Amino acid sequence: MQPIHSLHDFFARSGAEVHLYHLGRRVEPCPLATLAGFEAGELPWPAPWRGEARLGLVFRLGDVRDPLIWFLALPLDEQGQLVPAPRDAFVQRLLETLGRSVSAAGREDGAATDNLMKDNPLAFTPSLPFQAMLHARASLDLGLPASQHLEPVEAYLSGQQPVDWQALGLQGLADFAVRMDDEAGRALASRLPELPDEVLTSLCYCLEHVAIGDDLARALCQRGEAAAAAGDIEGFCACVRAMGGASTEIAGRWFDTLLDDPGACGPDLLAAIAARGWTHLEHGERLRRFLTRLAEQPGVEFTALVRDLALVPRLRVPVLMTLREAGSDSAIGRRVAGLSR
């Protein structure tokens, strides 16, 4: 048998049933082929977050019936490629742990594999919305039923029966978002204007991870504008984040309107667009306008945010070109000049 040098090697040769998910910018499925190419140094990580490739691995190994879950954050270099040494150390520890457990028990021990996350420098704990969304996606992908919290959420969001919104669980909202079809999306769009602020915000933290239809996207724009007018910055930015999965036509038009208004472009809005709406920045003029507004904010860590965007493979060249072509007297140019001093 060939030696195991990577995470992909381990899962490919162990016979594990594995589902891989991005846990950086959004919770979404990731093909195992992407992990293979990334670990082989053939491609940069497609969805980096703060200099890391954040993974959720849901798998069954050996005779373990309940899936195991690993949260791993693999460090990236300046090109978005894997820094191999920490991964190598983890794989070596994994093989040694499995070797000891098999020798002792005569079979693969899932508990021993799970315990690898303890004192593991690559392990991290996702935020609660990310955990809820991963559980919702994995349950759907594994053919398992949704959580018990879905039914009251469906009843409440459809308006079919009165439910105390304060009793709604985040897991139920995540299950709803993952399993939402076109009909449910249209029903939610009509219900959106009357949702309490607290429900809207938690719901948006789930919707930001899924594709949404045009009716719901328009409703989110309207609710976001209302939140901004009322001074509810959290609700406004939550709606902006949820638009990351909307069509470029609708989301891009709204982002253009927001970026055209210097008064609306505070740090929270710009961070929301960069974190969840980055796909809508694949537009030369919109990207330039976004980076200009970013440069105009004195309290924003311009370098850190630009570096994080430039690690996204599809944005790397456009971001670098925009920085290079900025006039010396422009907001971007002055920021770039300040970096070289």
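Biologist: At what angle do the axes of helix H15 and helix H16 cross?

Modeller: Two packed helices are described by the angle between their axes and the distance between the axes. Here the axes of H15 (residues 302-310) and H16 (residues 313-325) cross at roughly 140° and come within 8 Å. Because of that angle, H15 is oblique to H16 (under 35 degrees is roughly parallel, over 145 roughly antiparallel, 65 to 115 roughly perpendicular, the rest oblique). Axes are fitted to C-alpha atoms, over the stretch in contact for helices, and angles between N-to-C directions run from 0 to 180 degrees. Helices (H or I, at least four residues) and strands (E, at least two) are DSSP runs, numbered from the N terminus.

The model is predicted: local features need pLDDT of at least 70, side-chain atom pairs pLDDT 80 or more, while totals for chains, interfaces and linings use all residues. Residues are numbered from 1 along each chain, and side-chain values use heavy atoms, without hydrogens and water.

Biologist: Which residues of H15 and H16 make the contact?

Modeller: Phe302, Val306, Leu309 and Ala310 of H15 meet Leu315, Arg316, Val319 and Leu323 of H16 (contact: heavy atoms within 4.5 Å).

Biologist: In what order do the 4 strands form the open sheet?

Modeller: Strands of a sheet pair through backbone hydrogen bonds, either parallel or antiparallel. The order here is S2-S1-S3-S4, with antiparallel pairing (at least two DSSP bridges between two strands). S2 (27-29) and S4 (68-75) are edge strands with a single partner each, so one side of each has no neighbour in the sheet. From one strand to the next, the twist averages 30°.

Biologist: How many bridges join S1 to S3?

Modeller: S1 (residues 17-23) and S3 (residues 52-60) are joined by 6 bridges. Glu17 has Arg60 of S3 as its bridge partner.
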